[in-house]
There are 2 protein chains.
Amino acid sequence: MKNQFYPFIQELQNTITTAFESLDTKVRFEEDVWKRPEGGGGHTRVIEQGDVIEKGGINISAVHGTLPESMQVQFNVTNADFYACGLSLVIHPKNPMAPTVHANWRFFELYTPKGEVVDQWFGGGLDLTPYYIFEEDIRHFHQVCKKVCDDHHPEYYARFKKQCDTYFYNSHRKEARGVGGLFFDYLRENKEFTLQSRYDFVTHVANSFLTAYLPILLRTKDLPFTSKQREWQEIRRGRYVEFNLVHDKGTLFGLKTNGRIESILMSLPPKVQWRYNHQPIEKSEEARLLTVLKNPKDWIH
Amino acid sequence: MKNQFYPFIQELQNTITTAFESLDTKVRFEEDVWKRPEGGGGHTRVIEQGDVIEKGGINISAVHGTLPESMQVQFNVTNADFYACGLSLVIHPKNPMAPTVHANWRFFELYTPKGEVVDQWFGGGLDLTPYYIFEEDIRHFHQVCKKVCDDHHPEYYARFKKQCDTYFYNSHRKEARGVGGLFFDYLRENKEFTLQSRYDFVTHVANSFLTAYLPILLRTKDLPFTSKQREWQEIRRGRYVEFNLVHDKGTLFGLKTNGRIESILMSLPPKVQWRYNHQPIEKSEEARLLTVLKNPKDWIH
């Protein structure tokens, strides 16, 4: 399976990189190839200070070796080897009318010290973080998510949409990070599904990413905006930082287990503000965003 | 003791507020008085967008009630009541030549359900986070710290300086948050010290804060700087955010136990940048800062 999934994310990284580069006339993605001392490595591709994308990263990695102690506890195993590969991306557009997007698709495998596979699963998803609410865009994003899910299981969309709302939640602010999308983990082989059908689902979701996000970026990237709206975007990006540094399990795991810091923190927005007790004006567009984030919506019906 | 320490921090809040306000011609501190539903409350004083201080807070609080579950584990007690009061402050100057400063002095008490005191201690300290190294300023800060310590115990300065370097450490970056100062905790009554002598030490440290920091701010606040140096300050402020959100026990405790979010996150800098894999030019002043942060120095000898 890893010999099937890794080439898939390699090619997808190229496809997505090319798509975003075609939008930006100013700068291109730069690639860093890195090695993990304990086994494996990655290809980090970052774009900065573009005319459309202010900061973005499209990264793949494949790492393996002895399962770190902190993960032994998490997976309830001792003395195991592991293999993990995945693609993760974050795009922070410059225009505050354009939403930030995040996505990740990954495959994980555990082995006995003799090299026998004892567990394998897929995980990932995609989610949208707008600064201003354009209902049609959010509906489009969720409709693409739903269409893919419905091809694989009638309950997938509802389940993974809910998991996304639950996971990307700034509990200390009592608000969602964004307007969600899909989030799934531990998609294993079982009575109902083969590992191949899990692969088919995850790659179908991944292949739909550009369909879900690009039309939104294209529609919003050149909309006019004021310096006040830009300021709001920078303040809201602060919430993005808060989620990633305080709550995101992947980020914290990476930071505390000697991951490649620059690839992990690539997700943080380029320019951010924190104001004391900032409150949007009542009934403003900014207040409307907060209302939506306080009460995750059904974007389909 | 609490009837002695709380009036002390009330008066100190006024003294420090007045001192910083006298520097800023543009804006003044604004006070928010808040109540904690479970008992107690605080006075949060914040200044923003001043001509000297870009963002700063000088807060006092006194809270009490049933010890939250997460703290029961930390203090290894069950079914206790608590009282905690303290002053905490963070000053983020506008000029990148001026260092950020943080300080906190607190008193904590635990009771049986019948109201008998079972434990009491002081904690706190002060520490400096420069963006550019001016050795004389850092020496001055540490000399003030040492002088106060030496009046109370010959080993205090060395011990609390080291604890400060150890605590304010961004382990994921393998660098200190700043150039340190003092950090102490669990200063209890014991064979050597009465609680009153602990009070004398902590209030002596607190009363020396303005002597330690103000001359540095006065000397640096109007130094010329370039937009590149301002950019460096904003990037380094990102490390400040990383420490506070990933490692700082006080911040995380507050965020996860329903503290007053705006008072806790008041410490975050106003404008922050994250660049992918940013590295200063070799032998530049920016590189010099990193060298100092990688290897905590002895600033006295």
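Analyst: Two strands pair if DSSP finds at least two bridges between them. Strands (E, at least two residues) and helices (H or I, at least four residues) are DSSP runs, numbered from the N terminus. By that rule strand 10 of chain A pairs with strand 10 (residues 271-273) of chain B: 3 bridges join the two, and they run antiparallel. A:V272 has B:V272 as its bridge partner.

This is a predicted model, in which local features need pLDDT of at least 70 and side-chain atom pairs count only at pLDDT 80 or more, while totals for chains, interfaces and linings use all residues. Residues are numbered from 1 along each chain as its sequence is written, chains are lettered from A and ligands numbered from 1 in the order in which they are written, and side-chain values use heavy atoms, with hydrogens and water left out.

Contact means heavy atoms within 4.5 Å, and 32 residues of chain A are in contact with 32 residues of chain B. The two chains bury about 3000 Å² between them, 55% of it on carbon and sulfur atoms; buried area is the accessible area (1.4 Å probe) that two parts lose on being put together, summed over both. Of the area that chain A buries against chain B, 28% comes from A:E262, A:W274 and A:Y276, more than from any other three residues.

A salt bridge is a side-chain nitrogen of Lys or Arg within 4 Å of a carboxyl oxygen of Asp or Glu. There are 2 salt bridges between chain A and chain B. In one of them B:E262 pairs with A:R173, and the closest N and O atoms are 2.9 Å apart. Several elements of chain A each supply at least two residues of the side that touches chain B, among them strand 2 (40-48), helix 8 (249-256) and helix 9 (261-264). Helix 7 of chain A gives the most to that side, with 4 residues.
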